[in-house]
Structure formats: structure tokens, C-alpha cells
Amino acid sequence: MVLMKMKFPFEKRVKLAQGLWLLSLSATVAGALTFSLGCILKTELRRRAEVMDNSDIHIVPDTLMIVGLASLGINYFASKICQDALDAGRFPRWKNFLKPYFAVSCFFTVLMLLAIIMSYAMKGTLESSLKAGLRNGIRFYKDTDTPGRCFQKQNIDRLQMEFRCCGNTDFRDWFEVQWISNRYLDFSSTEVKNRIKSNVDGRYLVDGVPFSCCNPSSPRPCIQYQLTNNSAHYNYDYQTEELNIYLRGCREALVNYYMGLMNTIGAGVLSVFLLQGSVLVSLRFLQTSMEAVAGNENVEIETEGYLLEKGVKETIMEYLDPLLKFLLLKNQVEEGDPAAAPATT
Amino acid sequence: MALMPVKFDLKKRVKLAQTVWFMYWFAVMAGVLVFSMGLFFKIELRKRSELMDNNESHFLPNLLIFMGLIACGINALGGKICYDSLDPIKFMKWKPILKNFLVMCVVFNGLLLVTAVLCFLMRIPLQFTLAEGLRNGMKFYKDTDTPGRCYMKRTLDLMQMEFRCCGNDNFRDWFEIQWVSNRYLDFSAKEVKDRIGSNVDGQYLMDGVPFSCCNPSSPRPCIQGQMTNNSAHYSYDHYTEELNVWRRGCREAMLSYYGGMMNTIGALVVLVTLLEVAVTIGLQYVNTSLSTLANPDDPESESEGWILEKTVGETFTDIMDKMKAMGKGSKVEEGAEAPVATVS
């Protein structure tokens, strides 16, 4: 059962070849665009690598870069093939190349679609990675004298100021962590001793946040310390105060930022996918319609083009058979030889 | 004796015309570049006009935009002339205006050089505008309830965070003004009454700075209040503490930002001026080489091209004589009327 048979008179074949050449040119540009979009996403993810616990999400930009490079190669060959297609003398040399070419091209085109689906599916992974990374960042905020962690304070401060967020889930995360280093605590004062005694781990906990949580849009100077104590500040009610510090958590802010970026990139890659798919379909039609011309003296006859010679299932089995035979082949030969050996002896 | 004469045959003339036409295309793009730089500078000034008291002078960016547009026009016309110069019939229609066009080009190049010099000089008035504007901005920091000034706090905070600076000259400027609004001061508290009583104007002054002065690179949580009181904070010495708040003043920070921008723009305008001078000289060569054909009917004959017909000194005296003659011309008319009056 042939899939999508179409008649191709000579002019239509010529038009198809010309259109395909233009299409492959624009698809090459689109492939370069995909590669650069992958690079941009990877750069953005690496910029905030210190607040991410693992780099599982990096598979999305990596895939985009691979697909972009592959599509450059695919479209280069597509343009070469369609240039030779109308020349009966030069087309036959592509005969053996085309079957593996189509297999590889279909694989990479499907990979493009997979990359888009992955970018939506991996939102959960990104969120959990950010949750762990930010928790560590907040815990190590005070360790500005520990090698390997001395820049955590600076990174978290800059992150909170740039993304206008405070803490992990919200600003109360700062109340549960000692974010003031022991070097700057006067252990002889009663206030410090009381606070340290008030919890099991002996940590100096305050109901205050770092200055980077302050919101510049607030009409009053920033209230950082004693946030839950209304009487400590004049004309202040912490339950209705909205503009004093950022109420959004940094995890939510970063997830929104990255999902927005991936949505934009996903839309672009989807259009590249459609373009690439149309290039492959047109090339297949051109190949099958030109194959019918081969050997004929009259080049201008009308031929038929199709997408697949057999149905979809049979074509997939046809491609997988060599692969399966390669894996199962050894077993078959081994079974055959011992059977033959006893037969001969 | 002409200035820098060069002999031209047909091939050389064609090559010259093509090269100058190509250079004119670059010059058009350079004109677009000057225009966009003027636009960029104007937008940057408008973005921070609040901090300059809306008083900043937009003369330089406007001049850059204007010169960019004129450069595009002149270069496009020059390119068209060069393109037509290869065809003697088409070139005939340009011949009469070519001399005036070249004079206009020379004047334009002079103006472009003046613009470049202005780019480097306008730093000085900008310094005064910034100082005045920032001082006023800091005074209105607390007025978040006054219409027209309610965003001054946010603008100043964002500016101090972005430019990594504090105060006008340094952070001590914040000690001299009241930057906490009266709405958030408890006038029944003893501390507030003491502070207000301690100075003539009745202002609530404190030795503290807003949070936007804090330096994230500091190893300790930011110390904003009681900055000059060493005993108020553990292990703190305000004389040696360098990383706590930004030490640079915002006037210096913004001046270096805008100064750097103006220096870059000035350098680019100088380069564009050099390109313009080169294309003007090229067009002069095209003009003179086509006007001095040995055999006017034969386009393949040899010709000579130069920059000036006589030497620089002689050309200068010629121009002075012409100007004197123009001045005398009006006197001659008056003189002629007088004899006519006496005759009649």
C-alpha cells in the first residue's frame, strides 16, 4: 500500500526541484538559528549554575545544538541532491546514499520535536534542582570565609536584586537559617546568648532578611530586621505591608524566567521543525518521481511520486530488520553451525 | 601648479569612479551610524533626566542626529554622481552643480569635525548639571507622597544599585539631609525629639544610609545605621571598613559613564570625518579628471586630475580677492548712482 501517491508531470518536477532548493537554503539558516538558540539557552543556564543543584536540564540546550548542527549537514546534502535531480546523468550516483540519509534525517527531525517536548516536561526537574540549589545558597550565605563558598553571599545578593525575589519559597526562609556569620556576633552580649539558647542547634536566628530583599519601590526606608514585630517600627503592620521587601520567592522567579525563555525558543524550534519536515517530504517526492524516469530516454514523461512504498509499519520493520539481524544474527549463525556440524560428522 | 596632480586614462578613471562609489556606500552607513549614536545618547540622557533635574542639554545628541541625516543625504547624492560619472551623457547634467556640491561637502566636513570636538568638550557642562541634579534628587528622596516626586526614591535606589555608588560625592552626603519621611517618625519618642532638636532646621539627621548603598561583596551583613559609631557594631571600625557600602560618589560614577560614552562617540565621529574627507577628495578627482579630457569628444583620451587648481596659498588669495570684489561690487553700485545724480 503506497503512502500518498502524487502525479508529477515534467514542469511540476522542475518546480519541485527549484522550490526545494530555496527551501533547503532557508532550512540551513533555520538550522543555524536553532544552534544559536541552543547556545543562548545553555549560556543562560550556566550563568545561574551556582543556584542549581544538578545539570539535568542542560540536556535541552545540548540537544538543540546537536540538532542545529545536524540540520546544517542535512540541508546541505538536500540542496546538492535537488541540484543534481533534474540531470539524468548525475542523479544515479545518489542512489545508495539516499536510504541511510533519510533514516538519519528523520531521526534528527524527530529529535528536534523531542527537544521541545522535553523543555516542557523538565519543568519539574528544573524546579527541584533550583529548590536544592537555593537552599544550599541560603545556608552557606554566611560562610564568606570558607574557601569554595566565599562568593555565595555575593551571588545570592545579586540574584535577589536582579530577579526581585527573596528567599527560596518566600522571605520566611531567611528566618530559619543563621545568615549572619559568627565572626560578627558579640557572644558576650545577652541578646546573642538568648537567641543562641532559644533553639536546639545553637544558631543565631533573627526575624530579619538581608538588604538585597529590599524593594526600592517602597515609600518608606527598608525595614530589614524585626520584621514580625509591629511595635519595633512606627506605623508598621507586617501583615498588610506589601512593598517593603520582595514577597516573591527566588525559585518561582527563576522558574518563570527559564520557562519563558524556553517557551520562546520552543516556538522558534517548532517552526524550524515544520520547515525541516517539509524539506524532507519534498526531497522524498523528488527522489521517487525521478527514480521512475531513470533509464527512460524521454526525460519529460509524467511520473508518480510517493512518500513510502509500503505502509508505515512495514517500512519501519524494513529499516529495523538490518539492525535486529545484526543483533540476532550471531545467534542464528551459531544455531545453524552446530546443527550443520553434527549433520556433517 | 596644481595640488597633487595625477594623470588618468580611461581604465584608471573607471577604477577611480568605482572605488569612490563603493566608499560612498560605506559613508552612507557611517552617516546612519552617527544618526543612531545620536539617538542612543539622547535616549540615555532621557532615561536619567530625573536625576539631572530635567535640566540637561540635548544640544549634542540633536546635533549628532542632524549631522547623521545630512551625511546620509550628501553621501547618497555623491554616490549617485559617481555612478553617473562613467556615462558622459548622464554626467553632463551633474556638471553645473558639482563645484557647489564640493564646497558644501568641505563645509560639512568642517562641521563634522566641530561636532567631534564638542563631543569631548560637553563633559564639563554635564558635570555641573549632574552635581546640581543629584543634590536635589537626594533632597526629595523622602517625598514619596508628593506628586511629581513620588518616584525619586525608587529612581535613586535603582541608580545607586546599578552604578554601584552612594551619595553625591560620597556616602556622607546622606548624613546631611533628612532622608526618612516624617510619616514614619514617632514624634513622641525621645530619640526622635533629640535628633530634631539637635539642629537648626529641625531635621531628623542620622549617620546612616539607604539600603541601596550596600555592597553585596561585603563579607558581613550590611551596616546601614550608626555607621560612625564603632561601639554599636561588633568588630567594626568605620575608618578601615571599605567593603560595607559603595565608596564612590554617584556624580563621579555617572560622569565616567556618560564621559566614556561621549569619548567613544567623539572618536567614531572623527573616524567618520576622515572617511568623509577621503570621499570628498575622491569626488574632486573624478570631477577634475572628467573636465580636463585632452579630446572632449573621445571618452578614451587621457586627462589630468587634481585636488586644487592652484596651490593652497594661491587658492586662498583667490578666494580673498573674490570676497573683496563682492564687497567692492556693492560700493561700485553706490558710486555709479552718485555720478548719475550729478549728471542729471
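Analyst: Buried means under 20% relative accessible area, exposed means over 50%, and partly exposed is in between. Keep in mind that this model is predicted.

User: Why is Cys39(A) called partly exposed?

Analyst: Its relative accessibility is 28%.

User: What makes Cys166(A) and Cys213(A) a disulfide?

Analyst: Their sulfur atoms are 1.9 Å apart. The cut-off is within 2.5 Å, so this pair counts as a disulfide. In general, such a link is a covalent bond between the sulfur atoms of two cysteines.

User: Why is the disulfide of Cys166(A) and Cys213(A) called right-handed?

Analyst: Look at the torsion about its S-S bond. That torsion is about 80 degrees, so the link is right-handed.

User: Which parts of chain A does the pair of Cys166(A) and Cys213(A) tie together?

Analyst: Cys166(A) lies in the loop between helix 5 (152-163) and helix 6 (190-197) of chain A. Cys213(A) lies in the loop between helix 6 and helix 7 (250-293) of chain A. The pair therefore ties together parts 47 residues apart in sequence.

User: How do you know whether Cys166(A) and Cys213(A) are buried or exposed?

Analyst: Compare each value with the 20% cut-off. Cys166(A) has a relative accessible area of 0%, so it is buried. Cys213(A) also stands at 0% and therefore counts as buried.

User: What joins Cys214(B) to Cys222(B)?

Analyst: A disulfide does, with an S to S distance of 1.8 Å. That value meets the limit of within 2.5 Å. The torsion about the S-S bond is -80 degrees, and the link is left-handed.

User: Why are Cys214(B) and Cys222(B) called buried?

Analyst: Buried needs a value under 20%. Cys214(B) has 2% relative accessibility, so it counts as buried. Cys222(B) has a relative accessible area of 11%, so it is buried too.

User: What is the pairing of the bonded cysteines in chain B?

Analyst: Number them in sequence order, and the pairing is 1-6, 2-3, 4-5. Cys105(B) is in no disulfide. The nearest cysteine sulfur belongs to Cys82(B), and it is 10 Å away. Cys105(B) is buried, with a relative accessible area of 3%.

User: How many disulfides does the rule give over all chains?

Analyst: The count is 6.

User: Why is helix 5 of chain B called roughly perpendicular to helix 7 of chain B?

Analyst: Their axes come within 10 Å and cross at roughly 65 degrees. The roughly perpendicular class covers 65 to 115 degrees. So helix 5 of chain B is roughly perpendicular to helix 7 of chain B. The crossing is left-handed.

User: Which residues make the contact between helix 5 of chain B and helix 7 of chain B?

Analyst: From helix 5 of chain B come Met159(B), Gln160(B) and Phe163(B). From helix 7 of chain B come Cys250(B), Ala253(B), Met254(B) and Tyr257(B).

User: Where in chain B is confidence lowest, and where is it highest?

Analyst: Helix 8 (residues 312-343) of chain B is lowest, with a mean of 70. Helix 5 of chain B is highest, at 94. Over residues 337-344 of chain B, pLDDT stays under 50. That stretch has 0 contacts beyond four places in sequence. Where pLDDT is low, the predicted coordinates should not be read in detail. The mean pLDDT of chain B is 88.

Definitions and conventions: Residues numbered from 1 in each chain as written. Chains lettered and ligands numbered in written order. Predicted model: local features only at pLDDT ≥ 70, side-chain atom pairs only at ≥ 80, totals over all residues. Heavy atoms only, no water. Helix = DSSP H or I, 4+ residues; strand = E, 2+ residues; numbered from the N terminus. Buried < 20%, exposed > 50% of the residue type's maximum accessible area, 1.4 Å probe, protein only. pLDDT = per-residue confidence, 0-100. Contact = heavy atoms within 4.5 Å. Axes fitted to C-alpha atoms, helices over the stretch in contact; angles between N-to-C directions. Parallel < 35°, antiparallel > 145°, perpendicular 65-115°, else oblique. Left-handed = near helix turned anticlockwise from the far one by under 90°.
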